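This report walks through a single chain.

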Amino acid sequence: QVQLVESGGGLVQPGGSLRLACAASGNIYRIWNMGWYRQAPGKQRELVATISSGGDINYGDFVKGRFTISRVNAKNTVDLQMDSLNPEDTAIYYCKAVITPRTAWSGQPYWGQGTQVTISS
């Protein structure tokens, strides 16, 4: 069984920063892409940032240099440093990873439970 556990959400004022963390655990053979998505009330889930096992990074257009994704392959973790936050960043943030478990032959998408990020004064 594979599990993703997120941490680090919370309430911050506009202009503030938060760091989200996600750790994958369980019967893992290999982790491919890892990343973060978010879903605001009444909106579709959207990509925030992804990072491949080789370090290739992709950001959503709205990030505009404010967020930084990082990954430690040896620890099966992916972090998201978010700076210059504004109220439009309020959403539930989900960690996602494409993982090949030891019981399978190919990668499968796994999602964390989500962590709430609220930007408000």
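## The disulfide and its surroundings

Cys95 is buried, because its relative accessibility of 0% falls under the 20% limit. The model is predicted, so the values here are computed from predicted coordinates. Cys22 also counts as buried, at 2% relative accessibility. A disulfide joins Cys22 to Cys95, with an S to S distance of 2.1 Å. The structure holds one disulfide.

What is the handedness of the disulfide between Cys22 and Cys95? The torsion about its S-S bond is about -80°, so the disulfide is left-handed. Where do the two cysteines lie? Cys22 belongs to strand E3 (residues 18-26), and Cys95 belongs to strand E9. The pair therefore ties together parts that are 73 residues apart in sequence. Strand E9 covers residues 91-101.

## An open sheet

Strand E3 also takes part in a sheet. This is an open sheet of four strands, in the order E1-E3-E8-E7. The pairing is antiparallel. Which strands sit at the edges? They are strand E1 (2-7) and E7, and each pairs on one side only. From one strand to the next, the twist averages 15°.

Strands of a sheet pair through backbone hydrogen bonds, in a parallel or an antiparallel sense.

How many bridges link E7 and E8? The two strands pair over six bridges, in the antiparallel sense. Strand E7 spans 67-72, and strand E8 spans 77-82.

## Two loop residues with positive phi

The loops on either side of E8 each deserve a look. Asn76 is found in the loop between strand E7 and strand E8. Ser84 is found in the loop between E8 and strand E9. Asn76 has a positive phi although it is not a glycine. Ser84 likewise has a positive phi without being a glycine.

| Residue | Phi | Relative accessibility | Loop |
|---|---|---|---|
| Asn76 | about 55° | 25% | between E7 and E8 |
| Ser84 | about 50° | 45% | between E8 and E9 |

Are these residues buried, exposed or partly exposed? Asn76 is partly exposed, because 25% lies between the limits of 20% and 50%. Ser84 is partly exposed too, because 45% lies between those limits.

## The chain as a whole

Which secondary structure does the chain contain? The total is zero helices and eleven strands. From the N terminus on, the elements run β-β-β-β-β-β-β-β-β-β-β. The radius of gyration is 14 Å, close to the 14 Å that the globule rule gives for 121 residues. The chain is therefore as compact as a globular protein of that length. Along its principal axes, the C-alpha trace spans about 45 × 25 × 25 Å.

Buried residues make up 40% of the 121 residues. Cys22 is one of the buried residues, and Cys95 is another. The chain exposes about 6,600 Å². Carbon and sulfur atoms supply 48% of that area.

How far apart in sequence are the contacting residues? Among contacts between residues at least 6 apart in sequence, 56% join residues at least 24 apart.

Technical notes. Residues are numbered from 1 along each chain as its sequence is written. This is a predicted model: local features need pLDDT of at least 70, side-chain atom pairs count only at pLDDT 80 or more; totals for chains, interfaces and linings use all residues. Side-chain values use heavy atoms; hydrogens and water are left out. Buried means under 20% relative accessible area, exposed over 50%, partly exposed in between (1.4 Å probe, protein chains only). Two strands pair if DSSP finds at least two bridges between them. Axes are lines fitted to C-alpha atoms, for helices over the stretch in contact, and angles run from 0 to 180 degrees between N-to-C directions. The radius of gyration is taken over C-alpha atoms; the globule rule is 2.2 Å times the number of residues to the power 0.38. Contact means heavy atoms within 4.5 Å. Accessible areas come from the Shrake-Rupley method with a 1.4 Å probe; for residues, only the protein chains shown count as cover. A disulfide is a pair of cysteine sulfur atoms within 2.5 Å.
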